[in-house]
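User: I'm new to this one and would like to learn how to read it. Could you take me through it step by step?

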Amino acid sequence: MAQPVTINIAATGRKITVPTGLFINNEFVPSIDSQDTIQCINPATEEVICSVVAGSEKDIDVAVAAARKAYKTTWGKNVTGWERSRLLNKLADLIERDAQELAELETLNNGKPVKIARDFDIGDSVQCLRYYAGFADKIVGQSIEVDNKTKMAFTRHDPIGVCGQIIPWNYPINMWSWKVAPALACGCTVVMKPSEITPLTALKLSELIIEAGFPPGVVNTVPSLGSVGGAALSSHMDVDKVAFTGSTVTGRRIMEAAAKSNLKKVTLELGGKSPHIVFESADLDQAANWTGLGILYNTGQDCTAGSRLFVQDTIYDKFINILVEKFKQLKVTNGFDEEAGAGPVVSKMQYDKIFSYIEGGKQQGAKAVLGGEKRPGKGYFVDPTIFVDVKPDMKIARDEIFGPVLAVAKFSTEEEAIALANDTSYGLGAGLHSNDASQCMRVSQALEAGTVWVNQYNLLNNNVPFGGKKQSGRELGSYALEEYTSVKAVHWNYGEKLDWPL
Ligand SMILES: NC(=O)C1=CN([C@@H]2O[C@H](COP(=O)(O)OP(=O)(O)OC[C@H]3O[C@@H](n4cnc5c(N)ncnc54)[C@H](O)[C@@H]3O)[C@@H](O)[C@H]2O)C=CC1
Ligand code: BAL
């Protein structure tokens, strides 16, 4: 099987034709040695949407060979930065043209509201492609003085080579863009492995790779199980780099596989248990809105989800009341509903994981003041849940839940808030709300996180680096270019004669 399927989206009346094969050398093809398929489920209805080919280890070999050939012939150092920029801009234009269709497909497979998929995930992806398109012809090395008369050195920032890119299901199009855009801008070629839970939009985007005019083999897409295709990419001897977004457990496996194979470069953007602090001087209404965005956006399936909230004791009860009223207003429903503020979580596995944490929280003595109960009927819907009086050693305060579950605790002093916030193995994001500028500066300095939001939360920009400390990685901004280039130093002699013997 590798034939396209036509999907009818009942809610909008749209028919979308989606490729179901592996995308290698600009063609959709069957697996060379496997009949395995991946079933794609609509998380709002639990219905099967369609099945796609599940790539095998050998398919990864074929895709890597295609990427290597393109790297050595039509791409890599054989294409100008200007041409890479032109193609990336063209791809951005095509995604913008197809934004509504792509958004509906994303909603069908992932569950998120169509308007959020279109205006935020896809809007940001278009910007991301254009941002890195702007860099493609500006990737320059340095000219370095060695002595004044006979020698100089210069550096070249060469593309790193063939990149395996392993992405998750929470932002299928957006994570695709975060990975593909800097890689192509730098001249790398790509073997993309989308999540087995949400492969459809990566396959649809592959059609646009052809239409934009990228040469065969520059971008290849192999839907596959993580333990098959993801593991094969991580341990492949001819892959120069793996870029990954996903769980910490899998990130560790990828790093191990890289160490045991060819010591490929690895970048990991992992999970979080990000703290969000509200001080007594804050604008409480605004702080509640940003807290909502922090934990409820994308139904909490966000690596920077502000899942631990620390509220100063003097405003604790008042703030919880505001929060409960605000959270009740969010409409969690099928993403095709125009009013949807959040959709279902992505899968039965994620749904079960979230509820096992909710049950665990109750058993450990945390009090749910909102949500925490299953809904009857179909769909993996989880209502906003607020646990108060959460103790630091409870599992809901320590583990990444990846759902709309907020763990709230009280503090009295700034020092206590900082200590509580930093008491985690993660260091991805953190937020604080205060109207005392000195306090904002002190606390943002003290928080151990790669991204700190002050009087806001969760907003990102393509030109600002994103990522973390401790067990979390980094992407975006001009910093990402370093992750896709390899610096070569050339020493040039234009006058020194070497005497012999030494
Ligand atoms: N940082 C983030 O944005 C994300 C964090 N997560 C966290 O991970 C939890 C589990 O979700 P999963 O989908 O199981 O995450 P995961 O980390 O297993 O999956 C992410 C990607 O890694 C691939 N993968 C899985 N095993 C692999 C292996 N051995 N080698 C190479 N690639 C492999 C998957 O196929 C997928 O493409 C979530 O509940 C959440 O806590 C999940 C997705 C995104
Ligand atoms: N929110 C940015 C990326 C992520 O959640 O994986």
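This is a predicted model: local features need pLDDT of at least 70, side-chain atom pairs count only at pLDDT 80 or more; totals for chains, interfaces and linings use all residues.

User: Now the ligands. Which domains does the shell around ligand 1 draw on?

Analyst: Domain 1 and domain 2 each give at least three residues to that shell. Of the 26 residues around ligand 1, the ones that come nearest are P168, G226, G230, G246 and S247. By class, the shell has 9 nonpolar, 12 polar and 5 charged residues.

User: Which helices each supply at least two residues of the shell around ligand 1?

Analyst: Look at α7 (226-234), α8 (248-260) and α11 (348-363). The largest share, 5 residues, comes from α7.

User: And where does ligand 2 lie?

Analyst: Domain 1 and domain 2 both give residues to its shell, so ligand 2 lies between them. Around ligand 2 are N170, Y171, T245, D302, C303 and T304. That shell counts 2 nonpolar, 3 polar and 1 charged residues.

User: Back to α7. How should I read a helix, and is α7 mostly covered or mostly open?

Analyst: The general idea first: an α-helix has 3.6 residues a turn, so residues three or four places apart point the same way. As for α7, the helix is mostly covered, with 8 of its 9 residues buried. Those buried residues are G226, V228, G229, G230, A231, A232, L233 and S234. The elements covering them include α1 (57-72), β9 (162-166), β10 (189-193), β12 (241-245) and α8.

User: What about strands? Why is β19 described as largely enclosed?

Analyst: For burial, you count neighbours: a residue is buried if 20 or more other C-beta atoms lie within 10 Å of its own. In strand β19 (residues 429-433), 5 of the 5 residues are buried, so the strand is largely enclosed by the rest of the structure. Now check which way they point: G429, G431 and H433 go one way, A430 and L432 the other, and all are buried.

User: Which strands are joined to β19 by bridges?

Analyst: Strand β14 (residues 275-278) is joined to β19 by 3 bridges, and they run parallel. In that pairing, H276 stands opposite G431. Strand β20 (residues 451-454) also runs parallel to β19, with 4 bridges between them. There, L432 faces V454 as its opposite number. Follow the chain through β19, helix α14 (residues 437-446) and β20, and you have a right-handed β-α-β unit.

Key:
Residues are numbered from 1 along each chain as its sequence is written. Chains are lettered from A and ligands numbered from 1 in the order in which they are written. A residue is buried if 20 or more other C-beta atoms lie within 10 Å of its own, exposed if 12 or fewer, and partly exposed in between; C-beta atoms are placed from the backbone. Two strands pair if DSSP finds at least two bridges between them. A crossover is right-handed if, with the strands pointing away from the viewer, the path from the first strand over the helix to the second runs clockwise. A residue is near a molecule or strand if its C-beta atom, placed from the backbone, lies within 6 Å of it. Ala, Val, Leu, Ile, Met, Phe, Trp, Tyr, Cys and Pro count as nonpolar, Asp, Glu, Lys and Arg as charged, and the others, Gly among them, as polar. Domain bounds come from an automatic or database domain assignment. Two residues are in contact if their C-beta atoms, placed from the backbone, lie within 7 Å.
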